[in-house]
Every structure is written in C-alpha cells, then in structure tokens.
Amino acid sequence: MNRSKLIGATALASVMAAGAAQAEMSIGGFTYGHLSDGGNGLSQTVSTNSLIVSYSDSLDNGMGISSFMSIYSTGILTAISIDTGMGSVSIGNNRDSAVDKMDGNPACFSLGSCGSAELGAWVDGDAASGNSVMYSNSMSGIDFMITRGMESDTYNPTMSYAVGTSMMGATVKAGVSSIDYKAAATADIDPSFVTVSYSIAGLNLGYGMYDSDNGSEETTMGVGTSMGGFDMGIQFASLDASTDTDMMEVSINKGLGAASFGLDYTDTDVAGTDTGDTENWRFSYIIGF
C-alpha cells in the first residue's frame, strides 16, 4: 500500500501545536473486496474500506510517541504507543493480543485472505483479551511482545506472549496465550502457535502449527515463487479436531502499483462425509494509496 506522507511543521501547522517540526503524519487508505463462486453462483463482498491516519512525535523528555487510527465503515480503531527507550508501551482499542500480532501464516500466498489458521478453529486469545495493554521490545535479534487483556464477565485478564527471531536464514515465530475463564465449568486453555518461513533458490517455504488446546490442532505448509511478473503459491492445511478437515489452496497474484489483483482456488474436504466439502474460486482486489 502506497502512502502519501505529510512531513514537517508546514504540513502539520493546521493540526499541531508549535514545536511539531519533527513530527510526522502518514495518511493512507485501501479497499479490499472479492468476487467468489462456491458452486451456488457468483457473489461479491467488499470486506474492508479503511482510512488510516498515523502520527508520531517526540516528548520533551526524549521519548517517542505515536498514534494510529483506522477508520472503518463499522467503527474507528485507535492506538497510542510510547517508546520509552527500553521498549514500547501501547494502549487503545486496536491492541490485539501478542499472539494475534505475530501468528500470521507464512504458508498462505493468497492476496487478501491470509490470516493465521486457515480452517477457522484457531483461538489466539484476542477475543478474550479485549483492548489489551501491550509491551514490545527487541533484544539480541529477538522481537517479543507481551499483552495483558482486560477483565470481563467471562474472562479473567488474558496474558499473551509472542517472540520472533531469525536463525540460519529461517524466520521463526512462536507464542502462547493464557485464557482463564471465570465459569468453573469452562476449562482454562493455553493456545499456542509456531511458524517457520524460509527462502531458497527463489522459493518461499512456509510452515505453521496452531494448537488451540481444546482438542483442535491445525498444521499448514506451503511454497510460493514469482514467475513472469506474477506471484504464485500453493498451500496445504490439515485440521485435527472432532471432525478432521483438509484444505488445498492455489493462488496467483499480480501487483500493478496502486492496485493488486489475485485469483484463488480452494478445495476443502471434510473427513468421512461429503457434507461440508467445498470448491471455491475467488477473485480478489486491493486498491490503496
């Protein structure tokens, strides 16, 4: 996504007080949607329309401060971060759990549908956390995040931990959330994940394991490359749960500056039955500035 930047006191004079000469503001936005056919006819979905505004400056004591706002059709998400020099502390209603921030699936090569686990069974602690308080830092080549969720009628504060690093050319990320339910009849869970990505000879390899600690575990593997100006890849996912499910997804994408387009074919197979088996074609687009 290309962003138009307004830098310096001149551009910010209308909205910032004196002393904002070193401030930086970034304004951008994008639309993501897709056309899909799962066998019941063509349908259209516009998943995201968003305007994104970010601002950063320095406090008088030398600490950095930044704010981020995403304006969606369904609401406004905001976050404020303070760089203490010994890590960053963030608050707001856009602070996900630490696991949710790092659990992206490196085996997925779709233009717009990549998240974490592909088959919908992954519990990352984000919903249980609510609006988290986050601490993040980097030391000796290791990036780590810690979040504390808010207490609710259903959950005690959810703690979430995630780390990421590179070793021998591979990028490795892992994390765990501790979800503590107030109802004694509901078992506490500690969902965890591990992802690994590696590039060699023009190939991008990805692996992910997502264990929800409730009898559901998903593994996914994929390989992608670029050819003739197109990005393409194939992913295989397997869900081990009360009902096992397998998935194959083939993706091909093309970036054209401010716009990108992608085509996905997804085949989902539910073990032991034809019910729930699906084949889906999806044409996706992202237009941003």
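Strands are DSSP runs of E of at least two residues, numbered from the N terminus. The model described here is predicted. One such run is strand 16, which spans residues 259-270 and contains Gly262.

Gly262 has a relative accessible area of 3%, and since buried means under 20%, this glycine counts as buried. Along the chain, Gly262 and Tyr285 are 23 residues apart, yet their C-alpha atoms are separated by 6.4 Å. When neighbours within four places in sequence are left aside, the contacts of Gly262 are Leu111, Ile252, Asn253, Arg282, Phe283 and Ser284.

Strand 3 itself, formed by residues 42-58, pairs with strand 2, formed by residues 24-37. The pairing is antiparallel and comprises 14 bridges. Within this pair, Thr31 faces Asn49 of strand 3. The hairpin of strand 2 and strand 3 has 4 residues between the strands, and Gly39 adopts a positive phi near 105° there.

Strand 3 also pairs with strand 4, which consists of residues 64-72. These two strands run antiparallel and are joined by 9 bridges. Ser54 lies opposite Phe68 of strand 4. In the hairpin of strand 3 and strand 4, 5 residues separate the strands, and a positive phi near 95° is found at Gly62.

Elsewhere in the model, the largest nonpolar core contains 10 residues: Ala98, Val99, Met102, Ala117, Trp122, Met134, Met145, Ala162, Phe193 and Tyr210. Helix 2, made of residues 98-102, gives the most to this core, with 3 residues. One of the core members is Phe193. Apart from neighbours within four places in sequence, Phe193 is in contact with Val99, Met102, Asp103, Trp122, Lys173, Ala174, Gly175, Met209 and Tyr210. Among these contacts, Val99, Met102, Trp122 and Tyr210 are also listed in the core.

Terms used
Residues numbered from 1 in each chain as written. Predicted model: local features only at pLDDT ≥ 70, side-chain atom pairs only at ≥ 80, totals over all residues. Heavy atoms only, no water. Pairing = 2+ DSSP bridges. Core = buried A, V, L, I, M, F, W, Y, C linked by side-chain atoms within 4.5 Å. Buried < 20%, exposed > 50% of the residue type's maximum accessible area, 1.4 Å probe, protein only. Contact = heavy atoms within 4.5 Å.
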